[in-house]
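Hi,

Here is the structure I promised to pass on.

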Amino acid sequence: MLTLEKRAQPSKAWVYVAPILAVIITMIVGGVVFAMLGKPPLEAIRTIFYDPLFGDFASYSRPQLLIKAGPLILIAIGLSFGFRAGIWNIGAEGQYIMGALAAAATGLAFYPMEARWLIFPLMVLAGLAGGMVWAAIPAFLRIRFKTNEILVSLMLVYVAEAIQASMALNLLRNPDGHGFPGSRNLSQYPSSANLELIANSGVHWGVMAALTAVIFAYFILARHRFGFDVRLAGQSPRAAGFAGVDAGRLVFICMLISGALAGAAGMFEVSGPAGRVSIDFNVGYGFTAIIVAFLGRLHPVGILIAGLLMALTYIGGELAQLSLGLPGAAIQLFQGMLLFFLLAVDVMTSYRIRFGKTE
Amino acid sequence: MDFSSINPILLLASLMVAATPIILAAAGELVVERAGVLNLGVEGMMITGAITGFIATVTTGSPWIGFVAAAAGGAGLSLLFAFLTQILLSNQVATGLALTLFGLGLSALLGQGYNGIKAPEFPRIDIPVISEIPVLGPILFSHDPMVYVGIGIVAGIWYFLRYSRAGLVLRAVGENHEAAHALGYHVIRIRVLAIMFGGACAGLGGAYISLVRVPQWTDGMTAGAGWIALAIVVFASWRPWRLLIGAYLFGGVTVLQLNFQAAGIAIPVEYLAMSPYIATILVLVLMSAGRAPGSLGKIFHASR
């Protein structure tokens, strides 16, 4: 009979081993699923994990990797603060949309003025503010009325999607678009375009912002008082109270950080890779970023790696869709599985397995 | 704008239908939470039930078999959650989210090739005599059987929790798992059974959407119904009958906004479409005074 015994201290080794093991198990089980779908499993796994980096068309797909990883990392870094402190903002998708809409509206308000030095920074600020306002709603309701922030932030995703549809069809619709839904193309308007900084590298301002966020988050968590408060509140809310941590303030700051970063991610996306506000320019980064945050162990460097890995499954998934006819839903399933296996393997971090009889 | 096109009797009748998937899913989740487990994967279990029920119905031609398959699909998926949270002691919030993401992917994969097919009709039954009562008859007594199954499940849960010994044990486990364990109750076993019941109910709720309300299959068609069901449980303060009020309130807002859309009211369609979600938030704000079960969401590990 196997029993679990709590470790006195979480295992340092398993903190690193667990995510790697989870990826390996996901590959194996994913291969079985692909085989059941009648696709060659090894080839599918290779197409997803190897070809985007080193395959025949890698020069095309490598920049794509950074383009996809940028928003995932940026959002996941923001989420990681709250998740550490037991504050569950799962509506990053909505904050992402609202940031994008605020930024697009700001940029389009100046169209066709030529003043990149003014307009682009203003759009970044608008993106940050848009996401922040949307995240402030569940934060305020939790502090003032003890409303569950998980449910409120999630409900607000659906509200944001409705606003997005309305914007694409009405207020922000391209007046020269012959009545088609969708805004003007922001990536072709020189003052608002989120350009590639190094040609063919995929590095745009959003990727730079993501890297900056990783570095800042690392120092805040490791060195700053606020990082200490966050970790303390997550491990023992009671102890945090005695140490003078204002719980309400912590909720507010954590939610605002995650909202701001999600909003910024939306801004960089709508002015760059997506290009314009349409009915469905959001592709679920806000939800995938939750997986990224956990897979990266809520640690900035871990999130950086996890974000790149998750971007790889997106790109590789698209390749596998083209070359093997692997259904797109299989990739979504694959990403969900990854989080499942991570949570399963994670038991080893805090517990050890004992063989022998229970008394 | 033409409000005269809105028929109040039809409106109330369709309110009953709109509330049913929420009632089914929320009833299951209520039992799960009373056992002290927070399963945020309702949306994933609903959508899985929606597709397994749809596939079974299209294959066999019988909606009844479809609903059984949906319950099995939802319960099957919930077993994953039960295994992770009860045996491997994982975080319930994260695992519930994973279940939703996984369920959405799984259902999209299973549902390939079922897009655009119409499910065989699930006939309404007019309950003899009482369905002919004017006004009340068409509102209350002229629906498909699942509407009554949903209400029946709520009544059954109310009786189970309040009057049965097993219900008392389940509540004890939810209020204080350490004490229940010390008394010799099998905390894990009871919770796994509760989670499976919750999964089966969520599956039924999902299948009601794909088989009766729409009735078609499209990816992600539950559109947040599972999350609304979670909110309704909080609104109900974990009490079965209040759950019905919450669900009908939600159903009312949904049906009303659809009627406004049809009547061509001057508010854009997109803003009407968001009203059920805003109503849910408002309801959560106004009604979050209830007391949650004592051990809700906490990990139970019997240490010796």
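Pro240(B) sits in helix α11 (residues 240-263) of chain B; helices here are DSSP runs of H or I, at least four residues long, and strands are E runs of at least two, numbered from the N terminus. This is a predicted model, where local features need pLDDT of at least 70, side-chain atom pairs count only at pLDDT 80 or more, and totals for chains, interfaces and linings use all residues. Residues are numbered from 1 along each chain as its sequence is written, while chains are lettered from A and ligands numbered from 1 in the order in which they are written.

Leaving out residues up to four places away in sequence, Pro240(B) touches Leu30(B), Val154(B), Ile157(B), Trp158(B) and Leu161(B). Contact means that C-beta atoms, placed from the backbone, lie within 7 Å.

Now the interface: 39 residues of chain B are in contact with 39 residues of chain A. On the chain B side, the elements giving two or more residues are α3 (63-87), α4 (92-110), α10 (225-235), α12 (269-273) and α13 (275-286). The largest share, 12 residues, comes from α4(B).

One helix pair too: Val169(B), Leu170(B) and Val173(B) in α7(B) meet Val187(B), Ile190(B), Arg191(B) and Ala194(B) in α9(B).

Cheers

Technical notes
Contact = placed C-beta atoms within 7 Å.
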